[in-house]
Amino acid sequence: MILTIIQKTMEKLTRKIPNLHPKFFWDFRFDSIDWDGGYKMVIARIVERGGQHQIDEIVRFYGREKVIKAVREEISFLPNYAIEDAIKFFPELKKEEMHCYLNRKDKPYHWI
């Protein structure tokens with residue numbers, strides 16, 4: 001039991017972070033990002049501002065299913081261009097199934 005707890009703690013301490021440039025997270029302390037707990041923020045940020053290399057990296061880090069599930073069901077907001085990019089990155093996604101699209105399809109957003 002104690003050995004299992006120690007092993008899990010060591011895995012968390014030695015787990016690598018995704019190979020993403022800190023510029024994508026300019027408003028966070030990069031060394032303090034909770035990569036597991038904040039996965040929705042990380043995925044949304046990369047879908048919105050990253051390119052194919054960054055998408056490949058979050059897929060490597062989180063797994064394709066988790067990334068697709070987050071984009072489809074869990075991320076509340078992406079601008080229109082990011083929704084279109086997400087569909088290009090992940091052709092299995094459909095705009096009409098994405099929570100971020102359904103959440104505001106009739107609501108304008110003026111701050112962007």
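Which residues does Ile 43 touch, not counting residues up to four places away in sequence? Ile 43 touches Ile 58, Tyr 62, Lys 66, Val 67, Ala 70, Val 71 and Ile 75, where a contact means heavy atoms within 4.5 Å. The views below are taken from a predicted model, in which local features need pLDDT of at least 70, side-chain atom pairs count only at pLDDT 80 or more, and totals for chains, interfaces and linings use all residues. Residues are numbered from 1 along each chain as its sequence is written, and side-chain values use heavy atoms, with hydrogens and water left out.

**Figure 1. Overview of the chain.** The secondary structure comprises six helices and zero strands, helices (H or I, at least four residues) and strands (E, at least two) being DSSP runs numbered from the N terminus. Along the sequence the pattern reads α-α-α-α-α-α. Of the 112 residues in the chain, 36% are buried; buried means under 20% relative accessible area, exposed over 50%, and partly exposed in between (1.4 Å probe, protein chains only). Among contacts with a separation of 6 or more, 55% are between residues 24 or more positions apart.

**Figure 2. The largest nonpolar core.** A nonpolar core is a set of buried Ala, Val, Leu, Ile, Met, Phe, Trp, Tyr and Cys residues joined through side-chain atoms within 4.5 Å. The largest such core holds 31 residues, of which Phe 25, Trp 35, Ile 43, Ile 58, Tyr 62 and Val 71 touch the most other members. At least two residues of this core are supplied by each of helix H2 (39-49), helix H3 (52-62), helix H4 (64-74) and helix H5 (80-89). H2 gives the largest share, six residues.

**Figure 3. Helix H2 and its buried residues.** H2 is mostly covered, with eight of its eleven residues buried. These are Tyr 39, Val 42, Ile 43, Ala 44, Arg 45, Ile 46, Val 47 and Glu 48. The buried residues of H2 pack against H3, H4 and H5.

Figure 4. Arg 45 has its place in helix H2. Is Arg 45 buried or exposed? Arg 45 counts as buried because its relative accessible area is 10%. A polar atom of the Arg 45 side chain lies 2.9 Å from the backbone oxygen of Phe 24. Leaving aside neighbours within four places in sequence, Arg 45 is in contact with Phe 24, Phe 25, Trp 26, Asp 27, Phe 28 and Gly 50.

**Figure 5. The contact of H2 with H4.** The axes of H2 and H4 come within 10 Å and cross at roughly 85 degrees; axes are lines fitted to C-alpha atoms, for helices over the stretch in contact, and angles run from 0 to 180 degrees between N-to-C directions. H2 is therefore roughly perpendicular to H4, given that angles under 35 degrees count as roughly parallel, over 145 as roughly antiparallel, 65 to 115 as roughly perpendicular and the rest as oblique. From H2, Tyr 39, Lys 40, Ile 43 and Val 47 meet Lys 66, Val 67, Ala 70, Val 71 and Glu 74 of H4. The residues of this contact divide into six nonpolar, no polar and three charged; Ala, Val, Leu, Ile, Met, Phe, Trp, Tyr, Cys and Pro count as nonpolar, Asp, Glu, Lys and Arg as charged, and the others, Gly among them, as polar.

**Figure 6. The contact of H3 with H4.** The axes of H3 and H4 are 6 Å apart, and the two helices pack at an angle of about 110 degrees. H3 is therefore roughly perpendicular to H4. Ile 58, Val 59 and Tyr 62 of H3 make the contact with Arg 64, Lys 66 and Val 67 of H4. By class, this contact has four nonpolar, no polar and two charged residues.

**Figure 7. Glu 57 and Gln 52 in helix H3.** Glu 57 is found in helix H3 and is buried, with a relative accessible area of 12%. The side chains of Glu 57 and Arg 60 are joined by a polar contact of 2.5 Å; a polar contact is a pair of N or O atoms within 3.5 Å, and within protein one must be able to donate a hydrogen and the other to accept it, while residues adjacent in sequence count only if both atoms are side-chain atoms. Not counting residues up to four places away in sequence, Glu 57 touches Pro 18, Asn 19 and Leu 20. Gln 52 also lies in helix H3, and is partly exposed with a relative accessible area of 42%. The side chain of Gln 52 makes a polar contact with that of Asp 56 (2.8 Å).
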